[in-house]
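Please look over the sequence and the model first, then read the points below.

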Amino acid sequence: MSFGTSSASSSVPAAPSRARPSGNAAVRIDNVMKRFGSVQAVKGISLEIPERSLCGFLGPNGAGKSTTIRMIMSIISPDSGSVEVLGSSALAMKDRIGYLPEERGLYRKMKVGEFVGYMAKLKGVHPTGLARRIDDWLERLALPGVSKRRCEELSKGQQQRIQLLASIIHAPDLLILDEPFSGLDPINGRLVTDLIRSEQARGATIIFSTHQMHTAEALCDKVVLINKGDKVLDATLAELRAKHDDRGLVCEPRTDARTFADAAVARGIATAARTNDGGTVDLDLAPGTDADAAMRAALEIAPMRSMALRRMNLDDVFVELVGKSDGEQKKGARIDA
Amino acid sequence: MPERPQQSYFGKIFLIAWREFRHTALTKGFIFGAVAMPVLMFGVIGLMPALLSKEVPALVGTIVVVDPSGTIVPRAKAILEKPPTAKEAMEEFAKNPPADTGSQINAASEMAGLGAQKIEVTWRVEKAPDAVDGIKSELKDGRILAGASIGGELLDPSKDAKAFELYIPSSLSPKHVKQITRALRQAVADERVARSGVDKELLSRLNNPPDPTTTRVSPKGTEAQENTELRFIVPGAFMFLLWICVFTSANYLLTTTIEEKSNKVMEVLLAAASPMQLLAGKILGYSMVSAVMLVMYGGLGLAGLSAVAMMDLVPPMHIAYLVIFFVMAYFMVSSMMAAVGSAVSDLREAQSLVGPVMMLLIVPLMLWMPIIQNPNGTLATVAGFVPPAIPFVMILRLTAATEPIPLWQTALSIVWGFACAFGMLWLAARIFRVGVLMQGKPPTPRELIKWAFVK
């Protein structure tokens, strides 16, 4: 299913080509803190999320992602610091924000169309043409004809799509999705991915939290990594790649992998080489080495099935930064003690 | 960013209110529970005597009376075959209230004039006083229904009426014993009157003490007709009407708030509306549910009074008071229920917090009688200023009083009551704001108060 196109007669807003971040901040958080009893859930986070960008909130369980999102939504107030959403307070901008909470909820006895319509009207959508708009969206979400069914009659996956629809039916300028992929099968996961892309292409700024690094890597312009209430990373994917792309090649020679690896080090193409299961070889390039020249040199050693520049892996960045952050906190704790 | 239409502050409140109303009052459950059930209950109560009358066992058999005069049996036969009128049954009920449930049911069916019973009794007169032994023998063998021995002295009006002998088998039902006893007693009494030469009707008139037509005169000189029964019934009806309408809808508010929390739909709603809008919408929505019930039940009551031309019992001012105190009571009770509903995650947890609320709400019910008996007494006056009992106590006082409640007390209770209602609403809103996002262990009452003052 594609979300990039829409029929001319559809009442669903057509998705233009993928929009680029505008440079203005859709969300600006300045040194916000939140404590629940003895737990400091958020410890002075500051960040800016540009308009029309797609920002991933990453972090382990209990890191403070949902608390930060709830403060952005003004569902809870920060103990200190300020939050600005779409140039104002989130309370004033509620109708321009779409929100899918981590814990999904809908009125079980309400009919699907009625529930989505209720949420849309609460967000200021005019009732005229609303039923048609809901039916169009249901069709696009592969849920045709469920409008008159009670929410409780739908499967879990269908209910999740209905909740997602309730968060976007009013075409929000800012869409906040807390764990939108949790509990989804691959087909529904793809559907949500396409929908997120489509919403960004329409011009919405999107923030979503996830544990799925590959999804964040594939979707995001920017990632924010939160661990134990602290922001440990705030960068665009391009910046991350520039910083974390380690200078290396992944080669799959047609000859013996071990022989190829030894030859690559012996000829000074790589500073180190490792053979992997499946016959691939990782080559670490010396700083300042021209990657194109190194590839040409590698081809001279052996013919290749495949060869690629080794790219940053968000999983590794996550593990590295969270591990580092945990280590520093433990060290700090020992010093404090 | 381009300008786009937004839902107004009050628009959201009305939307929420309408959803709550629609999904509560316009459902089969509500229509059945709040409309059909009371109608059904009243129907069953109304039909109960008729249904029970079918259960009255037939009185069939032979009664043998040792009656040397031969005058008792014809009288007793006529009395037994003519069941008591509703008025006679009522008088008998007032004089000798039945103790057991069976007799109470019989009395109720007699008073309702529904005591249709098959009576096929053959009477046999024995002149010889020594026939008693034969009667006992026949009773033992189950050949007769009952036997009696009425001596000649008993019929002499110049002598004290002593007891007569009645013989019954162990299997005879209490109702049949009562019927036979009544027939024989009345027959003896009628015979004694007849022998004394006194006109029975005259005697009945002479023995009937007149009832007074009581007029209450207040210190200010105003007069009002006294009606003891209605002095109890009308104020009670007003208070129960208020209590049922307010409590039912406030209970709906409690359960739906808990349901929204447990369904996790609360956070979705809070993304669209502020906690204050949500609370206001819910309270407004259930106020409409409550108002529907008030209009429906109150209207039924008024229609009933109108049908029997007794509308003068409910002056328009009482209806105005009912509306004023209904609004006050609703805000007080719904505030408490909303606060409790927001603080817990399921109905079981709610019980511990609803307990104290229920205690407060039951107090007016317990004070019903003392307040009605002395609406201007110290207890009634003081209770009329204690929240959340104010609206319930005041409606009792105002509708029970045959002499006016001082105007300053009425005015002050309204002003003070609404001040308390809004204070409770404010507290509930503060608790609701925190409570709706809380999960896990339910708070203690102390923690609830703490939530109210959290920044």
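The model is predicted. Chain A is divided into two domains, domain 1 (25-241) and domain 2 (246-309). In chain A, one open sheet has six strands and another has four. Chain B touches chain A through 20 of its residues.

**Domains of chain A**
- Domain 1 of chain A covers 25-241, and domain 2 of chain A covers 246-309.
- The centres of these two domains of chain A, taken over C-alpha atoms, are 43 Å apart.

**The hairpin of E1(A) and E2(A)**
- Strand E1 (residues 25-36) and strand E2 (residues 39-50) of chain A run antiparallel and are joined by nine bridges.
- Within this pair, A:Leu47 of E2(A) stands opposite A:Ile29.
- Two residues lie between the strands of the hairpin, and A:Gly37 takes a positive phi near 60 degrees there.

**The six-stranded sheet**
- The strand order of this open sheet in chain A is E5-E6-E7-E3-E8-E9, and its pairing is mixed.
- Strand E5 (97-100) and strand E9 (230-236) of chain A are the edge strands, each pairing on one side only.
- On average, neighbouring strands of the sheet are turned by 15 degrees against each other, direction ignored.
- Strand E3 (residues 54-58) and strand E7 (residues 205-210) of chain A run parallel, with five bridges between them; A:Leu58 has A:Thr210 in E7(A) as its bridge partner.
- Helix H1 (residues 65-72) of chain A packs on this sheet and touches E3, strand E6 (174-178), E7 and strand E8 (222-227) of chain A. The direction of H1(A) makes about 150 degrees with that of E6(A).
- Helix H4 (residues 156-168) of chain A also packs on the sheet, where it touches E5 and E6 of chain A. The direction of H4(A) makes about 165 degrees with that of E5(A).

**The four-stranded sheet**
- This open sheet of chain A has the order E11-E12-E10-E13, and the pairing is antiparallel.
- Its edge strands are strand E11 (272-275) and strand E13 (304-309) of chain A, each of which pairs on one side only.
- From one strand to the next, the twist averages 20 degrees.
- Four bridges link strand E10 (residues 248-253) and strand E12 (residues 281-284) of chain A in the antiparallel sense; A:Val250 stands opposite A:Asp282 in E12(A).
- Helix H8 (residues 257-266) of chain A packs on the sheet and touches E10, E11 and E12 of chain A. The direction of H8(A) makes about 175 degrees with that of E11(A).

**Nonpolar cores**
- The largest nonpolar core has 150 residues, and those with the most contacts inside it are A:Val116, A:Ile169, A:Ile176, B:Leu242, B:Ala329 and B:Ile395.
- Helix H12 (residues 316-343) of chain B gives the most to this core, supplying 16 residues.
- Beyond its neighbours within four places in sequence, A:Ile169 is in contact with A:Val116, A:Met119, A:Ala120, A:Val125, A:Ile134 and A:Trp137.
- Another core, of 20 residues, lies apart from the largest one and includes B:Val73, B:Ile135, B:Ile150 and B:Ala183.

**Contact between chains A and B**
- The 20 residues of chain B are in contact with 25 residues of chain A.
- On the side of chain B that touches chain A, helix H1 (9-25) and helix H10 (266-270) of chain B each supply at least two residues.
- H10(B) provides the largest share of that side, four residues.
- The residues of that side of chain B comprise 11 nonpolar, four polar and five charged.

Technical notes. Residues are numbered from 1 along each chain as its sequence is written. Chains are lettered from A and ligands numbered from 1 in the order in which they are written. This is a predicted model: local features need pLDDT of at least 70, side-chain atom pairs count only at pLDDT 80 or more; totals for chains, interfaces and linings use all residues. Two residues are in contact if their C-beta atoms, placed from the backbone, lie within 7 Å. Ala, Val, Leu, Ile, Met, Phe, Trp, Tyr, Cys and Pro count as nonpolar, Asp, Glu, Lys and Arg as charged, and the others, Gly among them, as polar. Two strands pair if DSSP finds at least two bridges between them. Domain bounds come from an automatic or database domain assignment. Axes are lines fitted to C-alpha atoms, for helices over the stretch in contact, and angles run from 0 to 180 degrees between N-to-C directions. A nonpolar core is a set of buried Ala, Val, Leu, Ile, Met, Phe, Trp, Tyr and Cys residues joined through C-beta atoms within 7 Å. A residue is buried if 20 or more other C-beta atoms lie within 10 Å of its own, exposed if 12 or fewer, and partly exposed in between; C-beta atoms are placed from the backbone.
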